[in-house]
Amino acid sequence: MDFPSSLPPSLFTTGPLGLSDVPDVSFMCSWRDALTLPESLPQGSENTAPHVAKGLLWEPDTPGPLPLLPPGPDPWDPGVTAQDLLFRGGYQFRRQPQAVLDVSEQLSRFLWDHGDIAFAPLGKLMLENFKLEGARSRSKKKTVVSVKRLLQDLGGHQPWGCPWAYLSHRQRRFSILGGPILSTSVASLLGELLHEELALRWEQLLLDDAFTGGALAWVPGRTPGSGQLVYPAGGALDRLYFQKVNLTPGSEPRVLGGPGHIRLRGPVRQVVTRTVQGEGKAHRHLPCPLTDLLPDSDPDPDPLHPSALLAVRSDYHCALWKVSKQGQPAPLQVLQVEKGATGISLSPHLPGELAICSRSGAICLWTPQDGLQQIYKDPETLVFRDPSPWRWADFTAHPRVLTVGDRTGVKMVDTQGPQGCGLLLFRGGAEASCQKGERVLLTQYLGECGPECLHPTLHLICTQFSLYLVDERLPLVPLLKWNHDLPSAPLLARLLPPPRTGLPRPLLLAGQGGELQLLHIAGEGASTPRLAGPPQSLPSRSDSLSAFAPLEPKSQWRLQERLTAPAIGLAAAIPPSANTPVLSLFQLSAAGDVFHQGLHLQADPGPDSPAPTASWTPQATASCSRWLKALLEVPPAPPVWAAPTFSHRRLLGCFEPQKAESKAPEGLRTAMAKGRLLQLRDLGLLPTEERAPAPEPGPEDELSERLEAAWEGQAAAWWERRRGSSLGPGKQPKRHKRRTQLSNTFSSLSGRLDLSDAASPPPSPERTLPAARPQPPVTPPSQESTQELWARAVPSERQQTLRDYMAELPLQGDAPGGASVPSSQTSSVRATPSRQRAAVRSGSQPHCKKPRMGF
Amino acid sequence: MSDFSEELIRPTTEDEQGEPRAPSGTGMCFPWLQKHIETIATGGKQEKDFAQTTSACLSLIQEALLKHQWQRAAEYMHSYFQILEDSDSNKRQIAPEIIWRLGSEILYYHPKSSVETFNTFADRMKNIGVMNYLKISLQHALYLLHHGMLEDANRNLSQAETWRYGEKSSSQEVLINLIQAYKGLLQYYIWSKKKMELSQLDEDDYAYNTASQNMLNHSWKTSINLCALIQIPGVWDPFVKSYVEMLEFYGDQDGAREVLTNYAYDEKFPSNPNAHIYLYNFLKREKAPREKLISVLKILYQIVPSHKLMLEFHRLLRKSENEEHHKLGLEVLFGVLDFAGCTKNITAWKYLAKYLRQTLMGSHLAWVQEEWNSRKNWWPSFHFSYFLAKSDWKEDKALACEKALVAGLLLGKGCRYFRNISKQDHQVLKKKIKQMKKSVKKYSIVNPGL
């Protein structure tokens, strides 16, 4: 093998991360990588035009990736966010961002929401101190509390942060009695566990390394343009899908038939594939036919129709699958990893050989015939101490040498040598000019695609800041370092074969957040590997939002959430094409969606030609809307647990069914009984007739128009109309007019929301919510107009119904002067369990008709 | 504060801050931490508007660069200069470096930029803040060198060489050494040009003397420039190469040998295969004894057993009288063929086939077995699979024959690779195949004695 005859100059210093006082001249500019020192200057070089490596540019066919397959039937829950975990109050801008876990809020929420779990065991212990029935306590013991009275006293109060909570002597006694036990035992037992869990979740949110390497694989098929996508989907990502896809340059890939799927016992975290029997040139050095592994396989392998091996990693299991020439998958062997597997890789040299990493720090070589062979085990990390149990292993140019990686470095280990020794290939330290806090996130052997155009000894190492290329023949000194600046962890990388002979090889890098970058790596034979041209960013899934028609906020949010789901898989294929090289890029999101992006190489990037921007084709938007329709049909993920709201069923009993009533109250009652939204058609009236007249519909009153349309469920149509009309001759209303309109609509909006009048009960907690948000101080409309508006907005028969309905709503108790309900309290009201609600109701029903509150 | 600029804080400035970065319990630093914290930011002291706009501008520039929109990036860059007036001294300090990094990249790729524009930009940037003068000068010179403007690059480096600021820190010293070395390299380029001219001149010519005098001067200057840097641990291939070439030209063989030996054997240096290759090539030119050459290549063999010089090493070992060397010669050949990049190397296979037969004929079966034992469980599928037999025969019949002989010797005549090749019917190779069959029958290690 050739070794670069002259390596780029670089300093070599040893030491820990980011402590050395050595200038980092290895990479100040990315363009520096394009500069290679000439061996000796050719004659008359002063006059030659500077050869500037103008970058290769891949143009996306569409502004963003398109969904390839309809969304799965399972709802998807995005999981916890930073908002759920971090302390929200008193945020101070700091140069060094600091995250504070909010244990106390979580704990108090838990105590509120799961009071039965938190307190029941204690309650049982304290059973003798409670008197559950009977009006009066006969015992003289001061340690016995009557529960009935206690509950009565408790009822009507919202002790959570309520400044007006009134404490009876019984409560006081109870709190003195129970306080020491209740406060310490629950909090201390739970608090610790909770803190641990929150810290774990927070770390996972910052870096979820489970999907390192990616769970999407492209298995090439019989013909050059065909193949199979292998990926997990389903709510728990526990179903392995095999989807046949046909790629044709210049058009969207064709999905052939429905995907076949196999249900596994755990979530799939990583899928690695490798063709065996040398398909094409790229795999010619993959030798052995699977006949050695499988008794039933064809003894006469046809090199044109390769079969493929699949390595699948789950949390605690690893499996080897075989995909036959016909595309039929069959499991070969499954392995249980007790401590949890963190990485799996398939040998590019010997078919069926795998490297498996376990959280315990052990790296094993695994072949279906010979079983497991532990080749390395060290619970400690390589270079310095790091708590992460993440381990990674990959192959090298020597089939018996593996790389073993953890967060601190990468080591080359000879599987035949004595255990534990080896040479460090990469050190998180001054050798690679690493920064403080820099850690290895991914290592990958890049020589697997054949020795044709890049040194087969190269390894890619990604950290949260940079990307390194290291040659295993020159350990510790990175040949290339580039600052990728990805806003999330780069856990996926794919090196592709050159799109055309003579071109450098594209390297795809994807962050967990779905950001994609494409680099070109050149350098073969005696030259050093380097970046060919400036790197490029590719559209991410969130760029596709513009292809979807606007939606009502809730659905829009759901769509957005779905599009920004973390990326857990990346695969690419270069279908054969006649002229311009094309690239098919597949992405898998954590929601189980597969997106496709077509790219083509810009023919000749002229010096002045502005990059043409792709636009959505009608087919693209059509397929997006089909996908969206299917997505919205999927019921949203049911919350794992939700705080109980007041039970309307209880209220139903209070109604005296009046026979003579019209259809409307009945509809209302059935809607309440079923717990769904009351819609106009439930009242048995035609919606068109029922439509509330818009309050003072001004000629330009866009917002009310839109709200009206939304009320009728035709927001999309309205938007279309609106867009169409705005394309016409532009009307530029004056600014002040706009503002008055805005305030008009605002006042009309608040008029609608405020259902109160002298006779109506105070706003329900549900209703106060929008008002409780910070708003500009709008001068409230006069009472008459409010009433008028409200009266006009609601048909007369419904007014009565609503009044009845409101009258039955639980009230704010005796909150004195509850003129303004703080939002925190409002939410707490919503979260109050129904038992207490009932008590409130019985206690406060007589004063239904309260003086009007709010405004 | 943007993460980008965070990254650029050098360890020294970090220490000055006195605020260690301990973002998470693991000690790991997350550039995306700020983003998460921003999502929950409610109230409290916010970042200043100024800081917000500059960091937004920075991310717009980065986005434009990644989309190759140089024009747009340049426009944003124009606005980004305001960061130089930031009231935050820390930011102000690192700003020039960011501006240089992004600005030079824009100017490097921008279709309308010229060398003049770049020069102006670089000269301005050198004098904004004192910390970056040397680095920018160095990169500016590299840019000029890349554009073929040797004189300008040389002038630039000479200016930078004499620049001093405050107490001479170790990092400054290293940079100055680097600058001097690059200057030396430039002089080497000029020197080698002159050498070329000289070779075209007649020795009796009057001009010859002046020219050679010129060259002498250059060499003297260069040696001063180059030798300081190559004492510092690092990878200095181009410098060492040019320095040695000049030393050799002037007959300072000892000096050259010392430089190369140092470069190859100093333990503080990374194990650079090129250092040993240069030394070997030098010794070969010097016609050093075989023993010496072997000892150099032995070390290279330990570092890079897949290097193409290993075949030469094998030839040297084969010619040696030492029995140990003969054994090593076999080991080297096996070692080369272990690597994925060398599986199609016909010379290596030819050598192995020949040498294997020779070794077995010399009744050194133990040597072969020793090598084979560690390989017998994976070489068959790595080299001698049925599939490879077919594809090798299709692609390169000579290679297939060599491999078949090795396969037959190591695995016996029952081996699939050997069987497949030996039953091939080929006019030209008929004799060879027949010979191969005979050798296998006679010497295969599988059935010794038969």
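Reply: What follows describes a sheet in chain A, then the chain as a whole, then a helix pair in chain B. The model is predicted. In chain A, the strands β14, β15, β16 and β17 make up an open sheet of four, in the order β14-β15-β16-β17, with antiparallel pairing. The edges are taken by β14 (341–346) and β17 (371–377) of chain A; each has a single partner strand, so one side of each has no neighbour in the sheet. From one strand to the next, the twist averages 20°. Within the sheet, β15 (residues 354–358) of chain A pairs with β16 (residues 362–367) of chain A through four bridges, in the antiparallel sense. I356(A) has C364(A) in β16(A) as its bridge partner.

As for the whole chain, chain A contains 18 helices and 33 strands. Of its 855 residues, 49% are buried. Taking contacts in chain A between residues at least 6 apart in sequence, 60% link residues at least 24 apart.

In chain B, the axes of helix α21 (residues 386–395) and helix α22 (residues 397–411) come within 6 Å and cross at roughly 140°. The two helices, α21(B) and α22(B), are therefore oblique to each other. The residues that meet include L388(B) and W393(B) from α21(B), and L399(B) and C401(B) from α22(B). By class, this contact of α21(B) with α22(B) has five nonpolar and five charged residues, and no polar ones.

Conventions: Residues are numbered from 1 along each chain as its sequence is written. Chains are lettered from A and ligands numbered from 1 in the order in which they are written. This is a predicted model: local features need pLDDT of at least 70, side-chain atom pairs count only at pLDDT 80 or more; totals for chains, interfaces and linings use all residues. Side-chain values use heavy atoms; hydrogens and water are left out. Buried means under 20% relative accessible area, exposed over 50%, partly exposed in between (1.4 Å probe, protein chains only). Contact means heavy atoms within 4.5 Å. Axes are lines fitted to C-alpha atoms, for helices over the stretch in contact, and angles run from 0 to 180 degrees between N-to-C directions. Angles under 35 degrees count as roughly parallel, over 145 as roughly antiparallel, 65 to 115 as roughly perpendicular and the rest as oblique. Ala, Val, Leu, Ile, Met, Phe, Trp, Tyr, Cys and Pro count as nonpolar, Asp, Glu, Lys and Arg as charged, and the others, Gly among them, as polar. Two strands pair if DSSP finds at least two bridges between them.
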